[in-house]
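Open the model in your viewer and keep the sequence panel beside it.

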Amino acid sequence: MFLKKKLAEKIASEGPLSISKFMEICLWDSDEGYYSKKQIIGKKGDFITSPELSQTFGELIGAWSLSYHLNKFKDKKLTLLELGPGKGTLMSDALRAISKIKKSKIETEAYLLEKSSVLKSIQQKKLLGFNVKWINNIKKMPAKPLVIIANEFFDALPINQYVKVGSGWRERKIAIKNNKFYITLDKKISRFKTNYFNNTPIGGVIEYSFESMKILSIICEHVKNFGSIALIIDYGETFGFGDTLQAVRSHAPEFILDNPGESDLSSHINFSILAKVALERDLFVSPIIEQFKFLKNLGIENRLEQLIKLNTERKIDSEINGIKKLIDPKSMGTLFKVFAIFDSKGSNIEGFT
Ligand code: SAH
């Protein structure tokens, strides 16, 4: 396979690869990168996400965005920005829900940050008829107040892994021997420095994403300058160190080094670091709460009850089962966390209390 050969040659000429470089090549190689595959999200793909399980997810987030906008701003236009919109389902459900809340008389426009051309064309079809624009760089987000939404975006960004040693960190890297990739510890002490993991014990592994930090900093600047809010929903923990990098193909986990370019690579989000970055910039943060709490606070259980009643007339089993999965406390309901960054104290942020 071409991508394996490309990685092997790179390691042969440059030495072991950092995990972020490996992820970037596996996910984004222009010929064989994972995100150029045709079917990645959904039942027939490799993994399923909340908006794909139930339209209620996007609808509730749409209503949440509208309510934040109405509380905070006087102007008639609500501008949404979604980071990594996948198949465009969340945005389409959100915009449809907002348009149905007629009494608000609010116009909407949406910006989508998407790097995959395959997914962008799926989004274009799904969002036909809505006022939507695409951007390919976070720095190009419009200079105005935004409601920013990121569902399973940060977990898709490349990370590095470091192991705590007496005087600092040594990086975990990817090497090759007898045509097989393996993880090795860099011989030298890394130049990497951080204040975010001061309590890591010797031998502890931490994960750090330079790309996440860059994007998050730009978002925080924007929230500060334009009075915006960012809602981040992702697979992750409130605290945490350890190796969480995972590969998933056809809804089953596999070893991260086995099938470069063919499986999705992602890691768990360490939400406390996102919060620290925002607090360092004098922004305000919500508590980090489990997805089922957030969705219950937004009224998902009422919706479920209505749908169960309606189910005797019209078969809507898949929607009902989808909602149940989203709030299942043994699975997505607790594995996923919800967190918001905003600019002013006392803003009435729905869903968190
Ligand atoms: N939010 C969607 C999709 C999650 S998959 C859902 O919930 O269904 C991750 C998404 O982020 C994909 O759309 C992927 O193409 C996009 N993505 C990953 N890295 C990106 C980057 N650096 N810039 C822009 N989009 C990115």
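For residue classes, Ala, Val, Leu, Ile, Met, Phe, Trp, Tyr, Cys and Pro count as nonpolar, Asp, Glu, Lys and Arg as charged, and the others, Gly among them, as polar. This is a predicted model: local features need pLDDT of at least 70, side-chain atom pairs count only at pLDDT 80 or more, and totals for chains, interfaces and linings use all residues. Residues are numbered from 1 along each chain as its sequence is written, and side-chain values use heavy atoms, with hydrogens and water left out.

**Stop one: the largest pocket**

Select Tyr 35, Glu 152, Phe 153, Asp 155 and Ala 156. Of the 48 lining residues, these are the closest to the centre of the largest pocket. A pocket here is an open set of points on a 1 Å grid over the protein atoms alone, where a 1.4 Å probe fits, with protein on both sides within 12 Å along at least five of seven lines; lining residues have an atom within 4 Å of a point. The space in the largest pocket is about 1,100 Å³, a volume being the space filled by probe spheres set on the points.

Colour the lining by class: 24 residues are nonpolar, twelve polar and twelve charged. Next, show α7 (210-226), one of the elements that supply at least two lining residues. Its share is the largest, at four residues. Helices (H or I, at least four residues) and strands (E, at least two) are DSSP runs, numbered from the N terminus.

Select them together. They form an open, antiparallel sheet in the order β12-β11-β13. β12 (252-254) and β13 (264-266) are at the edges with a single partner strand each, so one side of each has no neighbour in the sheet. Neighbouring strands are turned by 40° against each other on average, direction ignored; axes are lines fitted to C-alpha atoms.

Zoom in on β11 (residues 246-249). It pairs with β12 over three bridges; strands pair if DSSP finds at least two bridges between them. Find Arg 249, opposite Ala 252 in β12.

**Stop three: strand β5**

Which way do the residues of β5 point? Val 147, Ile 149 and Asn 151 point one way, Ile 148 and Ala 150 the other. Buried means under 20% relative accessible area (1.4 Å probe, protein chains only).

Glu 82 has Ile 149 as its bridge partner. Finish with β10 (residues 229-237), parallel to β5 over five bridges. Here Ala 150 is partnered by Ile 232.

Key. Axes fitted to C-alpha atoms, helices over the stretch in contact; angles between N-to-C directions. Buried < 20%, exposed > 50% of the residue type's maximum accessible area, 1.4 Å probe, protein only.
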